[in-house]
Amino acid sequence: MALKKGMDEDPDISLMFQCPFKEGLTQDKVQVDISSKYNRRVLPSYEQKIEEIWGERCLENQWLFNGAKFRIHSMSQENGILTFCLGLTDYKDYIGTNWSKDSSFLQQQGLEDFGDSQAYLAEPLGVGAMLQTEDGYFVFLRRSQQVAEAAGQVDIPGGHPEPKAVVKNIPEEAIRVEHLSRELVVQELFSSILGEIRDEVNIPEACLSRPVLLGVAQNNRSAGRPSAEFYVRCKLTVEEVRQNYLIGGPEAHESTSIVFVKAEDVILTEEWLWKQLCPSAKGRSEEH
């Protein structure tokens, strides 16, 4: 994608991992190591602050709710296989750490205590997609004012892989790493982005290609929170996607409008688009 100008200097984003192959990584080239040793470190003196921040945010936003998430600790690649080292966290801890005004303090404390600036941060793994239509346009969404992050900014379809999708018949708050199958976690990582596209843009999954992983981008506005970024092709044209979007899907409230940019024309609209993109979308654009 042509959204390249100014990226190297943009303080909002950095790349945790970029696929060395231009075609990206398919699901069979990805695995996970999931363990409680990859969970967030607890700083006893700060835990009450997380509860206070969460309570305040819930009062401000009725759409906000807690839920289990995968926590990314690190990644490694060997013999063409990429391994995600994952623990568990939740959205409340994310709001109270990565999005806290005290995030810099937590990062400094993490460096001092463990040599890891992210040790005390929730670091929930997000997912996002560079979604391209049959006639060559990329799909962007303008986020509504109701969402907790990047309200009013331009983004790309995305969300989170969900531990509750991997584990059945266990209350979400009771999920532990020992309940999780590594194979099913990888499956959820790749299938969750298709579900997000389905729910946010109202495109049937049957119209979408299998995702390929482009890389992992870090949102520096939220203390380096990582998101796995994919490329997905759609069998529908711009007009067909537009009509589906206007009908609305289960998560239609998360955006207010849809924007299409033709791949070869992105360079012409680069300046206005780049200024309006939220950091997670910038990271996805840089990897493509």
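This is a predicted model: local features need pLDDT of at least 70, side-chain atom pairs count only at pLDDT 80 or more; totals for chains, interfaces and linings use all residues.
Which strand gives the most to the lining of the second largest pocket?

**Entry 1: the pocket**

I looked up the lining and found that strand β4, residues 81-90, gives the most, with 3 residues. The second largest pocket is lined by 17 residues in total. Nearest its centre I listed L88, T89, D90, I175 and R176. I then checked the space in this pocket, which comes to about 390 Å³. Sorting the lining by class, I got 7 charged, 5 polar and 5 nonpolar residues.

**Entry 2: the sheet around β4**

Next I asked myself in what order the strands of the open sheet lie. I read the order as β2-β4-β3, 3 strands with mixed pairing. The edge strands are β2 (30-34) and β3 (68-78), each of which pairs on one side only. On average, neighbouring strands here are turned by 30° against each other, direction ignored.

For one of the residues involved, E78, I traced the bridge partner to I81 in β4. A reminder to myself: strands of a sheet pair through backbone hydrogen bonds, either parallel or antiparallel.

Then I turned to the helix that goes with this sheet. Helix α5, residues 182-201, lies across β2, β3 and β4. Its direction is about 125° to that of β2.

**Entry 3: L180**

Is L180 buried or exposed? I placed this residue in the loop between α4 (163-166) and α5. L180 counts as buried because its relative accessibility is 8%, and the cut-off for buried is under 20%.

I wanted to know which residues L180 touches, leaving out those up to four places away in sequence. My list reads I34, F70, L88, P163, V166, V167, I175 and V185. Two of these names were already in my pocket notes: L88 and I175 are among the residues nearest the centre of the second largest pocket.

L180 and S35 are 145 residues apart along the chain, and their C-alpha atoms are 9.5 Å apart in space.

**Entry 4: the whole protein**

To finish, I collected some totals. The protein has 288 residues, and 55% of them count as buried. I counted 8 helices and 11 strands in its secondary structure. Of the contacts with a separation of 6 or more, 74% come from residues 24 or more positions apart.

Notes
Residues are numbered from 1 along each chain as its sequence is written. Side-chain values use heavy atoms; hydrogens and water are left out. On a 1 Å grid over the protein atoms alone, a cavity is a set of points where a 1.4 Å probe fits but cannot get out, and a pocket is an open set with protein on both sides within 12 Å along at least five of seven lines; lining residues have an atom within 4 Å of a point. Grid points are joined across faces, edges and corners, and a volume is the space filled by probe spheres set on the points. Helices (H or I, at least four residues) and strands (E, at least two) are DSSP runs, numbered from the N terminus. Ala, Val, Leu, Ile, Met, Phe, Trp, Tyr, Cys and Pro count as nonpolar, Asp, Glu, Lys and Arg as charged, and the others, Gly among them, as polar. Two strands pair if DSSP finds at least two bridges between them. Axes are lines fitted to C-alpha atoms, for helices over the stretch in contact, and angles run from 0 to 180 degrees between N-to-C directions. Contact means heavy atoms within 4.5 Å. Buried means under 20% relative accessible area, exposed over 50%, partly exposed in between (1.4 Å probe, protein chains only).
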